[in-house]
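Morning, everyone. Let's take a quick walk through one model. Have a look at the sequence and the structure first.

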Amino acid sequence: MDNILFWLGFYLAMLVISTIIGYSKGNVVAGALLGYVLGPVGVVLLLFSKDRRMLPCPDCGCKIHRDSYLCPQCKQKVFKRLK
Ligand SMILES: [Zn+2]
């Protein structure tokens, strides 16, 4: 019985960790799913996954937040132009 509780807690912890990492990378659903399905492996995968919040500016190529209106580097309007 203790064993089941341990693994339950373990996977719950993995789920929480992966959700937090997913949130920090702008992908909560994928984070939670990876942590839930793959456990520790999913957490490691998440850590190495691409950060979806930061995208290259179409003008100068520097990494900026996807919700940015202006590029801080070249001061060009990037609103709705980021992919
Ligand atoms: Zn730029």
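Where is the place of Lys75? Lys75 sits in the segment after strand E2, which covers 63–65. Keep in mind that this is a predicted model. Now look at the backbone of Lys75. Its phi is near 60°. That is a positive value, and the residue is not glycine. Is Lys75 buried or exposed? Lys75 has 10 other C-beta atoms within 10 Å, so Lys75 is exposed.

Let's step back to the whole chain. The protein chain has three helices and two strands. Along the sequence, the pattern reads α-α-α-β-β. So much for the order; next, the overall dimensions. The C-alpha atoms fill a box of roughly 60 × 15 × 15 Å, taken along the principal axes. What is the radius of gyration of the protein chain? The chain has 17 Å, but a compact globule of 83 residues would have a value near 12 Å.

Two more figures for the chain. Buried residues make up 18% of the 83 residues. Then take the contacts between residues at least 6 apart in sequence. Of those, 24% join residues at least 24 apart.

Now the helices. Two packed helices are described by the angle between their axes and the distance between the axes.

First pair: H1 and H2. Helix H2 spans residues 28–38. H1 and H2 pack at an angle of about 155°. Their axes are 7 Å apart. An angle over 145° counts as roughly antiparallel, so H1 and H2 are roughly antiparallel to each other. Their crossing is right-handed. Which residues of H1 meet H2? From H1 we have Met14, Leu15, Ile17, Ser18, Thr19, Ile21, Gly22 and Tyr23. From H2 we have Val28, Ala30, Gly31, Ala32, Leu34, Gly35 and Tyr36. The residues of this H1 and H2 contact divide into ten nonpolar, five polar and no charged.

Thr19 is found in helix H1. Why does Thr19 count as buried? Thr19 has 20 other C-beta atoms within 10 Å, and 20 or more is the cut-off for buried. Leave aside the neighbours of Thr19 within four places in sequence. Then Thr19 is in contact with Val28, Gly31, Ala32 and Gly35. Compare that with Cys60. Thr19 and Cys60 are 41 residues apart in sequence, and 32 Å apart in space, C-alpha to C-alpha.

Helix H1 is residues 2–24, and helix H3 is residues 40–48. Their axes come within 9 Å and cross at roughly 15°. Angles under 35° count as roughly parallel, so H1 and H3 are roughly parallel to each other. The crossing of H1 and H3 is left-handed. On the H1 side, the contact uses Met14, Ile17, Ser18, Ile21 and Gly22. On the H3 side, it uses Pro40, Gly42, Val43, Leu46 and Leu47. The residues of that contact divide into seven nonpolar, three polar and no charged.

Val44 has 13 C-beta neighbours inside 10 Å, so Val44 counts as partly exposed.

To recap: H1 runs roughly antiparallel to H2, and roughly parallel to H3. Thanks, that's me done.

Methods. Residues numbered from 1 in each chain as written. Predicted model: local features only at pLDDT ≥ 70, side-chain atom pairs only at ≥ 80, totals over all residues. Axes fitted to C-alpha atoms, helices over the stretch in contact; angles between N-to-C directions. Helix = DSSP H or I, 4+ residues; strand = E, 2+ residues; numbered from the N terminus. Parallel < 35°, antiparallel > 145°, perpendicular 65-115°, else oblique. Left-handed = near helix turned anticlockwise from the far one by under 90°. Contact = placed C-beta atoms within 7 Å. Nonpolar A, V, L, I, M, F, W, Y, C, P; charged D, E, K, R; others polar. Rg over C-alpha atoms; globule rule 2.2 N^0.38 Å. Buried ≥ 20, exposed ≤ 12 C-beta atoms within 10 Å, placed from the backbone.
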